Amino acid sequence: MPTPRSTARRYAEAARSIAERDDSLETWVTALDTATGRLGVPELMRILADPALSFDSRRTVVEQVMGEAVTGGPRNLVLLLIRRGRIELLPEVCAQLRRLYDQQQNIVSATVTSAAALTDADVSALRERLAGTTGGRVDISVQVDPDILGGVMVRIGDRLIDGSVRGRLERLRTKLASGAL
């Protein structure tokens, strides 16, 4: 049985195919971001997922909430998800389409965790260093976690670069315990 993530990936790949044919992938990504933001409210998602309501009623709700902000193919995708009882997949479809777009544009997403808030200059310096390492443009999201004590941890996909004080102490403790020093 397919997982929700794999199902969302299939919808995103189909959307990408259509968008690339029309040379409108960036427009699709922006429109689905907007749709997810406007329709992603839990109460509204419950209404849109309710099979007791007619499809026409749910379509009217979508049209009122989205207005002219989401039109054409992206709107049709939202309505298709509603018709098939899969509207809960919209945020994941949007995330998967964003991932496909980022791959095409050679954009790498990185999550940086630091013990204290980083300045704009710190983030810019990290972005430049990571761009040199990855060979692509880097989109950084920053989190603060005082538990890492100091330094930073950077996650790019499945790769973790642990430059935190806590990580260094853990590695030192492991070496001491194993007698590797």
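**Notebook: contacts, fold and charged pairs**

I began with contacts (heavy atoms within 4.5 Å): residues 24 or more positions apart account for 64% of those in the protein with a separation of 6 or more. I noted that the model is predicted, that local features need pLDDT of at least 70 and side-chain atom pairs pLDDT 80 or more, and that totals for chains, interfaces and linings use all residues. Numbering runs from 1 along each chain as its sequence is written, and side-chain values use heavy atoms, with hydrogens and water left out.

**Entry: overall layout**

I listed the secondary structure from DSSP runs, numbered from the N terminus (helices are H or I of at least four residues, strands E of at least two). The protein has eight helices and four strands. In sequence order the pattern reads α-α-α-α-α-α-β-α-β-β-β-α. I then looked up the radius of gyration, taken over C-alpha atoms, against the globule rule of 2.2 Å times the number of residues to the power 0.38. The radius is 21 Å, well over the 16 Å that the rule gives for 181 residues, so the protein is more spread out than a compact globule. The C-alpha trace spans about 70 × 35 × 35 Å along its principal axes.

Of the 181 residues, 34% count as buried.

**Entry: strands E1 and E2**

I took two strands as paired if DSSP finds at least two bridges between them. E1 (residues 107–114) and E2 (residues 137–144) pair in the parallel sense over eight bridges. I looked up Ala110 and found Ile140 in E2 as its bridge partner. From E1 the chain passes through helix H7 (residues 120–134) to E2, a right-handed β-α-β crossover. Right-handed here means that, with the strands pointing away from the viewer, the path from the first strand over the helix to the second runs clockwise.

**Entry: salt bridges**

I counted a salt bridge where a side-chain nitrogen of Lys or Arg is within 4 Å of a carboxyl oxygen of Asp or Glu. The count comes to six.

I looked at Arg98 and Asp33, whose closest N and O atoms are 2.5 Å apart in a salt bridge. Arg98 is in helix H6 (residues 90–104) and Asp33 in helix H2 (residues 25–39), so the pair ties together parts 65 residues apart in sequence. Arg98 is partly exposed at 31%, and Asp33 is partly exposed at 32%.

Asp56 and Arg59 form a salt bridge at 2.4 Å, N to O. Both lie in helix H4 (residues 55–66), three residues apart, about one turn of the helix. Asp56 is partly exposed at 46% and Arg59 is partly exposed at 29%.

Glu170 and Arg173 form a salt bridge, with 2.6 Å between the closest N and O atoms. Both lie in helix H8 (residues 165–178), three residues apart, about one turn of the helix. Glu170 is partly exposed at 39%, whereas Arg173 is exposed at 51%.

**Entry: Arg75**

I also checked Arg75, in helix H5 (residues 72–83). For charge, Lys and Arg count as positive, Asp and Glu as negative, and His and the chain ends are not counted. Arg75 is buried yet has no salt bridge, and the nearest side chain of opposite charge, Glu63, is 4.1 Å away. Leaving aside neighbours within four places in sequence, I found Arg75 in contact with Glu63, Met66, Gly67, Glu68 and Val70.

Key:
Buried means under 20% relative accessible area, exposed over 50%, partly exposed in between (1.4 Å probe, protein chains only).
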